[in-house]
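Please read this report with the sequence and the 3D view side by side, and look up each residue as it is named.

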Amino acid sequence: MEQLNTLWLSTGLANFELGQVIMMLVGCGLLFLAIAKNFEPLLLVPMGFGAILTNIPVAGFSEVGGLLHYVYYAGIDTGIFPLLIFMGVGAMTDFGALIANPKTLFLGAAAQFGIFATLFGAIALNAIPGFEFTLQDASAIAIIGGADGPTAIFLASKLAPELLGAIAVAAYSYMALVPIIQPPIMRALTTEKERKIEMAQLRHVTKIEKVIFPLGVLLMTIFFLPAATPLVGMFCLGNLMRECGVVDRLSSTAQNELINIVTIFLGLGVGSKLSADQFLNVETLGILGLGAVAFSIGTASGVLMAKLMNKLSSEQVNPLIGAAGVSAVPMAARVANKVGLEANPHNFLLMHAMGPNVAGVLGSAVAAGILLALVGQ
Amino acid sequence: MDSLLQTFIEAGTLMLAGMVFVFAFLGLLVIFINLVLVKLANKYPDPIIQSKSKPKAKKTNIASNGVTPQVVAAIGSAVTQYKQKHGDKA
């Protein structure tokens with residue numbers, strides 16, 4: 001009889017707590033979004049499954065000795081996984097559109113206003129009982145506005161590891177929701193005439209420009225913002241491997257096998273942070289809300305900057321491409337293209353929008369470096 | 001309340017410094033592209049475009065005819081030989 005009792009006590013049914021059940025349902029929700037709705041499936045499948053695994057009673061996946069514990073501390077706490085992902089993203093990125101039209105860098109810069117404005121929002125939430133965000137917490141939350149998953153995870157793991165789960169879920173959710181969040185803001189801030197603007201064809205970019213560009217970016221980061229060199233350095237390494245043309249095997253590995261392997265473990269590691277005690281609180285609601293605000297402000301400031309550029313520049317600039325400044329490559333550029341096509345069926349903005357889009361990746365990495373340098377101590 | 005105000009001031013400073021720095025950094029990058037990369041591009045134009053067009057033309061020939069250059073050469077030489085033989089007989 002005693003043995004039966006011991007057996008019963010070792011089952012999951014006898015050990016379940018309400019919080020664990022809810023978090024498993026959250027994990028199932030993420031799986032549903034990934035599988036049925038195709039929302040960022042590459043990350044949400046391992047993340048959702050990680051959330052289920054970490055909340056299994058008795059198994060101790062996230063305790064010392066458990067798989068997810070080591071995955072988290074080896075890859076996310078150290079910042080290795082997001083940096084490897086960044087290298088892969090660099091290997092997948094073509095800076096041609098940006099080099100051909102360098103002023104689109106200002107659109108990527110303007111869209112980072114979403115990050116810094118959200119800092120205010122996060123601090124303002126402290127006036128409401130139940131919220132206690134420090135400047136470090138607020139900075140980690142605000143980076144959601146950069147719409148760059150690896151950057152958000154990297155910064156959160158350094159500044160506010162206890163909020164990592166909620167920040168990662170918010171960042172990837174809003175990135176998946178780009179086609180829903182952005183178009184109304186873009187339409188509200190532009191006129192029909194502006195959306196119809198056709199832009200001049202981009203010039204051809206030579207190989208030497210593409211090879212020197214990542215080296216130049218790295219050199220400038222070394223000089224002016226060394227705190228951003230982990231992110232920018234890995235990004236530039238990936239991009240140089242792609243463009244130099246002599247290490248195609250390495251470039252191919254970085255943008256395929258390696259990024260896929262790391263994505264599995266990154267998702268599992270982030271999922272392991274989706275435990276009831278860290279996720280089921282009022283702060284998570286605040287983070288989800290602030291993420292949406294950050295994203296919307298980033299989109300709006302990008303569009304407004306493009307409008308200003310259109311007024312001041314001799315060449316015509318379609319303000320819709322400003323919305324692509326919020327990273328989320330290449331989804332944001334596709335959205336700009338789609339909204340442009342709705343206004344003018346002969347207007348293909350995709351390549352023009354890729355400029356601010358990749359500028360946004362650099363911009364959010366620079367913003368992350370600034371936040372690390374100023375509040376990271 | 002004072003500490004909240006203090007944090008607000010810190011956040012404001014951070015926002016201002018952050019945006020100024022992001023614009024300055026990416027602005028420098030614009031200058032770098034315009035001054036360095038464009039000059040480099042003018043000095044070292046892409047050789048790939050010229051060299052690539054030739055093999056491409058060859059490839060399309062092969063694809064559209066479905067005959068390799070070796071076969072064309074073999075037929076050519078056979079025709080010449082036939083003509084020579086035919087000419088001899090005549």
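The sections below go from whole chains to single residues.

## Basis of the report

This is a predicted model, in which local features need pLDDT of at least 70 and side-chain atom pairs count only at pLDDT 80 or more, while totals for chains, interfaces and linings use all residues. Residues are numbered from 1 along each chain as its sequence is written, chains are lettered from A and ligands numbered from 1 in the order in which they are written, and side-chain values use heavy atoms, with hydrogens and water left out.

## Chain A as a whole

Chain A contains 22 helices and 0 strands, where helices (H or I, at least four residues) and strands (E, at least two) are DSSP runs numbered from the N terminus. Its radius of gyration is 22 Å, close to the 21 Å that the globule rule gives for 377 residues, so chain A is as compact as a globular protein of that length. That radius is taken over C-alpha atoms, and the globule rule is 2.2 Å times the number of residues to the power 0.38. Along its principal axes, the C-alpha trace of chain A spans about 85 × 50 × 40 Å.

Of the 377 residues in chain A, 58% are buried, a word that means under 20% relative accessible area, with exposed meaning over 50% and partly exposed in between (1.4 Å probe, protein chains only). Among the contacts in chain A with a separation of 6 or more, 77% join residues 24 or more positions apart, and a contact means heavy atoms within 4.5 Å. Chain A exposes about 15,000 Å², and carbon and sulfur atoms supply 67% of this area; such areas come from the Shrake-Rupley method with a 1.4 Å probe, and for residues only the protein chains shown count as cover.

The buried residues include Gly149(A), Pro150(A), Phe154(A) and Leu159(A).

Ile144(A) lies in the loop between helix 10 (135-142) and helix 11 (149-159) of chain A, and at 1% relative accessibility Ile144(A) counts as buried. Leaving aside neighbours within four places in sequence, the contacts of Ile144(A) include Ile167(A), Tyr174(A), Ile287(A) and Phe295(A). The C-alpha atoms of Ile144(A) and Thr118(A), which are 26 residues apart along the chain, are separated by 9.0 Å.

## A serine in helix 22

Ser364(A) belongs to helix 22 (residues 350-375) of chain A, and with a relative accessible area of 0% Ser364(A) is buried. Beyond its neighbours within four places in sequence, Ser364(A) is in contact with residues including Gln112(A), Asp148(A), Thr151(A) and Ser327(A).

## Cysteines

How many disulfides does the structure hold? Over all chains there are 0 disulfides, a disulfide being counted as a pair of cysteine sulfur atoms within 2.5 Å. The closest cysteine sulfur to that of Cys236(A) is in Cys244(A), at 13 Å, which is too far for a bond. Cys236(A) is also buried, with a relative accessible area of 6%.

## Chain B

Chain B has 3 helices and 0 strands, and from the N terminus on its elements run α-α-α. Buried residues make up 21% of the 90 residues in chain B. The accessible surface of chain B comes to about 6,800 Å², and 66% of that surface belongs to carbon and sulfur atoms.
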